[in-house]
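Subject: Structure handover

Hello,

Here is the structure I promised you. Please open it and keep it beside this email as you read.

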Amino acid sequence: MIAELGNFTLMLALCLALVQGSLPLLGAWRGQRSWIALARPAAAGQFAFVALAFGCLVAAFVGNDFSVAYVAANSNSMLPWYYRVAAVWGGHEGSLLLWVLILACWTAAVALFSKRLPPALAARVLAVMAWISVGFLLFMLFTSNPFERLLPAARDGRDLNPLLQDPGMIFHPPLLYMGYVGFSVAFAFAIAALLGGELDAAWARWSRPWTLVAWAFLTLGIFLGSFWAYYELGWGGWWFWDAVENASFMPWLVGTALIHSLAVTEKRGSFKNWTVLLAIVAFSLSLLGTFLVRSGVLTSVHAFATDPRRGLFILAFLALVIGGSLALYAWRAPSVGAGERFAVFSRESLLLLNNVLLLTAAATVLLGTLYPLFLDALELGKISVGAPYFEAVLVPLFLPVLVLMAAAPFVEWKRAAWGKVGGRLSKIAQIALLFGLTAWLGLKYRPAVAAGLMLSLWIVLGTGLHLAQRRNVVKQPLGYWGMLAAHAGIAVFVFGVTLVKGGEVSEDASLRVGESLVSNGLRYSFVNLQKVDGPNYVAARATFEVVDADNNVVTLQPEKRYYTVQQMPMTEAAIERGFTQDIYLSLGEPGKDGAWLVRMQRKPFMGWIWAGCLMIAAGGLLAATDRRYRLGRREAATQATGAAVLV
């Protein structure tokens, strides 16, 4: 009866979500305190029931209950228990339940940690989040129920996709969904402010820490997904510009613009309309990304034809959330004040330019992602939009963003003097330019590589100079340190990407056991090959000894696995990670003569990409813990007048 219990608790969660979405909202409108007070206990109850439903599905997977159709389709009795748990979100239905669980977590967290919010505003925020839950719960119960029975029960399951049988599957989707769903809080605050007509600096301050946490989790999710693709797919790539990657990158770009816009709204009372619009767009792209990845439309735009109810519900839900919120914005936005005026050359102007560039980049990614789907849906042919398009269009957009990142903190609010800012930045600009010219003319790097190295140094020097010019460095708020960490992380990331793109080398060769080959300054010796039996696969494990010019020996053991249930081969690469380079080795297919295809790669400063991502996420989390966000409204207003936090 575990499946039936899970289904029943989802129904109870739906009932509580309806109560949470309606009565507190009406109470805020009519001033009924008793109705407003229902929001927090309803949020807690909804979380409890969704968590119980999720626990029931986990129990069905761990217990190999193949009478549940979703379990039979995504698990197997030979699957290790930890992958059975991860298989809970390995398919469409379970990933939606994970989405709803995380949304319930965010809702309960807002109810618990926002007790200083004005009661009416808190009721509106929780009500908006409840209506999002209602949409997803209805979608699950009527079109994507993970608890549907399979009669008669299957003797065993079809197994989890071998691509997903990796530790990355355990951590990547929950982290990514924490970011996706976290933007619902910023969305709910924006809609609540529009409903209440209270678009002042206070709502921006309340929503800002939640947005920072969501953005940090999304950064971690993207990082882990990229890291997973790097070592799991066997070809050594870390970003492919496919639709699944783009689905998470778009809300990240808009979320980056949003956290900067929230800072301006909180400190200067400007950008109110911008901030609300960015909150709506960020969450809309999160919804779109979720449905793109999990609806099957990326596999085939005709996937909805097999289940028109699912397709119709998705389109209706997206139209209601996105269209309804934009309609409310169009109605309320004209009544919002423009805020304080500022000069063309001011920090506000530079942050506005930053937002425009980031939003344009997100629109560019959206176009490249959806255009092939539209063509296929209209039966006008199939095209593939890949890295050449995205790199050619996005690099010119990102270059000024990187330049502004180091320059904007030195520009005063409201009005700045060109000469004063130029005097501050001239020395570090000269150093960065000299470094770029040295890399190009002296070290013979390509111009694009030299430009990337110059920009990364420019950001580091700008960040360091700004810190050096601060008074009472120890007393700076955590938000300031978070800004420094995030900007420094971007510099480290750009440095790593530039050198990987500009300096990676690769060679394919056929080798037999006992043979050696020198490739890119390293000697690869094929020592032996052995058969390995895994829990649900068999593998050929090769042992290579890699020797460099200093006779340092590294042992690498790549594998070629064959998963017996799904009859699918997989490549497991072996990687020697270092501070300045990664040595990447992967096995291809064996030949008839006993030789194996081997790919040998050297990737300089690959680890700097991952370090940069972690620094960016740490900066967001650090900024979110700023003490000002734990103060009351009056105390925070006093603190804000004396703090110049730039994130």
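Helices and strands here are DSSP runs, numbered from the N terminus; a helix has at least four residues and a strand at least two. With that numbering, Phe 605 falls in the loop between strand 10 (596–604) and helix 18 (606–624). One caution: this is a predicted model.

**Phe 605 and its partner**

Stay with Phe 605. Its phi is positive, about 55°, although the residue is not a glycine. Most residues other than glycine have a negative phi. Phe 605 also pairs with Trp 608. Their ring centres are 5.4 Å apart and the planes stand at 80°, so this pair is edge-to-face. Are the two buried or exposed? Phe 605 has 19% relative accessibility and counts as buried. Trp 608, at 23%, is partly exposed. The cut-off for buried is under 20%.

Look for Asn 520 in the loop between strand 2 (516–519) and strand 3 (522–533). Its relative accessible area is 32%, so Asn 520 is partly exposed.

Next, go to Leu 151 and Pro 152. A cis peptide bond joins them, with omega about -5°. Most peptide bonds are trans. Pro 152 sits in the loop between helix 7 and helix 8 (167–196).

**Aromatic rings**

How many aromatic pairs are there? The count is 40. Take Trp 241 and Phe 390. Their ring centres lie 4.9 Å apart with planes at 10°, so they are stacked. Trp 241 is in the loop between helix 9 (201–232) and helix 10 (243–268), while Phe 390 is in helix 14 (residues 387–407), so the pair ties together parts 149 residues apart in sequence. Both residues are buried.

Ring pairs also build a cluster. Its members include Trp 99, Phe 136, Phe 139 and Phe 187.

**Helix 6 against helix 7**

Now find helix 6 (residues 92–113) and helix 7 (residues 119–143). Their axes come within 10 Å and cross at roughly 165°. An angle over 145 degrees counts as roughly antiparallel, so that is how helix 6 runs to helix 7. The crossing is left-handed.

Which residues make the contact? Among them are Trp 99, Leu 103 and Trp 106 of helix 6, and Met 129, Phe 136 and Phe 139 of helix 7. The contact residues divide into 16 nonpolar, three polar and one charged. Trp 99, Phe 136 and Phe 139 belong both to this contact and to the ring cluster.

Best wishes

Methods
Residues numbered from 1 in each chain as written. Predicted model: local features only at pLDDT ≥ 70, side-chain atom pairs only at ≥ 80, totals over all residues. Heavy atoms only, no water. Axes fitted to C-alpha atoms, helices over the stretch in contact; angles between N-to-C directions. Parallel < 35°, antiparallel > 145°, perpendicular 65-115°, else oblique. Left-handed = near helix turned anticlockwise from the far one by under 90°. Contact = heavy atoms within 4.5 Å. Nonpolar A, V, L, I, M, F, W, Y, C, P; charged D, E, K, R; others polar. Phe/Tyr/Trp six-rings, centres within 6.5 Å; stacked < 30°, edge-to-face > 60°. Buried < 20%, exposed > 50% of the residue type's maximum accessible area, 1.4 Å probe, protein only.
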